[in-house]
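Visitor: I would like to learn how to read some local features of a model. Please take them one at a time.

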Amino acid sequence: EIVSAELASRGLYVARRLSLEGAEFKTACCDMTEEQLSLHSNLAKWWTELSLMDNVLAGKEARGKLWGDHLRFFKALLVAFRVEHCVDLSSTEIANGNSVVISLIGTGEAATKRAMDSDDSNDEEGIVALKHTMETIIYYAIENYQGPSIPNRLYELKGEIETFDLPQSPLDLLIDRLSSLKNEKGENERVVELTGRTVVYRKDSQGKWTIMNRTKKGEGTKEINIRGCKLFQSGKARIAIISAAAGCGISLQNDKNGPNRRRIHIQMELAWAADQAMQMLGRTMRSRQHNAPIYIQFASPFAAEKRFAQTVAERAQRLGAATTADRRGSSSDRAFGSNLLVGSHASDAMHKMCSALARDASWPKWIQYEQDTETGNPTESWTNFSKGVVATLKGIGIDGDSPPTRLLGRLLGVELEESNK
């Protein structure tokens, strides 16, 4: 901040910001189907039981792997649940004469490659990276068990993995479903992928998932992305899917040199950092364009997903300090809300809440709770509420000393009703 302030005072520091004038911002809540809610609930119980087993995944390194896999697993699962919402919205916007840009932060290629290296099945379900994540953590738990004998329940949990109908990678699912859409000529809609992937997963003529190389001999992903970008900008393709890895330097705006089709930019997931989020938004908001895009941020019914928006807001605040020479110069509070669960105040609140759960016999005055409209009394007793919350926190390894951001991240793997509570 001091360096930025000094340079700014001398007139030597110029910070250019992306103007979003004319752009529209919308939020689409992707409600989960009964099947998705049931699947998520059963998976949450599976992970919770694994985390609570004695002598299983004990130690700092093992617990770190458990919760790292836990967060990535449920984040990818929730994105996969949004695929049909994205397909329906894309179909509507294409029919309205617009072009669609879908942004994802990760492609899941690393997880898919790990699954490919260890999978020897050739069934029609193919390789499912989410399934591989569950198998990996179970094998790790068995190999690193610290008790006298490995419990049978651990092997039973391993067998239960086969009972879950887990979705494919969100990106592969998207391309498969979007490619089946029909354009005005009755032909399959053309979809371009602008990512850093070298390996993809596609359905063959018999409907089986097949591993394919995305790149040809002597050609890299950069050349493929440039070709795909030209197809999209010329109007020959109406749908483009971009990832963070390929987001820098690509222009997908409604360019005046091409057909006038407004860009509908669907954000399937929020970026981890403010500069990365702005980088993705800037792909469809450039100079020399017919009009500004419409940004649509997908959200799930899980209040815990605010964790990612809050992380971005914290990074944006730091970014604001660097570009304005003043931490107060950032507008991240206005963009993401002032109640950010980061910093010392959030940690103090977390400790206070956990202390109340362990100590208090009635609802603390400082807690907002649901009231009966007629009597004004709490709709749930403090005893029942605190008992359920304590059990939930124990299942995801949270205590009063845990950072609030860790709590919100792990709540993605808790049943919806308990998570939002």
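Guide: Start with exposure: a residue is buried under 20% relative accessible area, exposed over 50%, and partly exposed in between. Keep in mind that this is a predicted model.

Visitor: How does Asn 55 count, buried or exposed or partly exposed?

Guide: Asn 55 counts as partly exposed, because its relative accessibility is 37%. Asn 55 lies in the loop between α2 and α3. Its phi is near 65°, which is a positive value in a residue other than glycine.

Visitor: Which value does phi take at Leu 57?

Guide: Leu 57 is not a glycine either, yet its phi is positive, about 55°. Leu 57 also has its place in the loop between α2 and α3. With a relative accessible area of 2%, Leu 57 is buried.

Visitor: Next, salt bridges. How many does the structure hold?

Guide: The idea is a side-chain nitrogen of Lys or Arg within 4 Å of a carboxyl oxygen of Asp or Glu. The structure holds 20 salt bridges. One of them joins Arg 10 and Glu 6, with the closest N and O atoms 2.8 Å apart. Arg 10 is exposed at 56% relative accessible area, while Glu 6 is partly exposed at 38%.

Visitor: Where does the pair of Asp 69 and Arg 72 sit?

Guide: Both residues belong to helix α3 (residues 60–81). Because they are three residues apart in that helix, about one helical turn separates them.

Visitor: What parts of the chain does the salt bridge of Glu 380 with Lys 421 link?

Guide: In this salt bridge the closest N and O atoms of Glu 380 and Lys 421 are 3.5 Å apart. The pair links distant parts of the chain, with the two residues 41 apart. Glu 380 is in the loop between α13 (344–359) and α14 (382–395), and Lys 421 is in the segment after α16 (416–420). Glu 380 counts as partly exposed at 27% relative accessibility, and Lys 421 counts as partly exposed at 37%.

Visitor: Which residues are linked in a network of salt bridges?

Guide: The network links Asp 172, Glu 193, Arg 197, Arg 202 and Arg 214.

Visitor: Now helix packing. At what angle do helix α2 and helix α6 pack?

Guide: Angles under 35 degrees count as roughly parallel. Helix α2 (residues 34–52) packs with helix α6 (residues 129–143) at an angle of about 15°, and their axes are 12 Å apart. The angle therefore makes α2 roughly parallel to α6. The crossing of these two helices is left-handed.

Visitor: Which residues make the contact between α2 and α6?

Guide: From α2 come Leu 43, Trp 46, Trp 47 and Leu 50. From α6 come Thr 133, Met 134, Ile 137 and Ile 138.

Visitor: How many residues in the contact of α2 with α6 are nonpolar, polar and charged?

Guide: Seven are nonpolar, one is polar, and none is charged.

Key: Residues are numbered from 1 along each chain as its sequence is written. This is a predicted model: local features need pLDDT of at least 70, side-chain atom pairs count only at pLDDT 80 or more; totals for chains, interfaces and linings use all residues. Side-chain values use heavy atoms; hydrogens and water are left out. Buried means under 20% relative accessible area, exposed over 50%, partly exposed in between (1.4 Å probe, protein chains only). Helices (H or I, at least four residues) and strands (E, at least two) are DSSP runs, numbered from the N terminus. Axes are lines fitted to C-alpha atoms, for helices over the stretch in contact, and angles run from 0 to 180 degrees between N-to-C directions. Angles under 35 degrees count as roughly parallel, over 145 as roughly antiparallel, 65 to 115 as roughly perpendicular and the rest as oblique. A crossing is left-handed if the near helix is turned anticlockwise from the far one by less than a right angle, and right-handed if clockwise. Contact means heavy atoms within 4.5 Å. Ala, Val, Leu, Ile, Met, Phe, Trp, Tyr, Cys and Pro count as nonpolar, Asp, Glu, Lys and Arg as charged, and the others, Gly among them, as polar.
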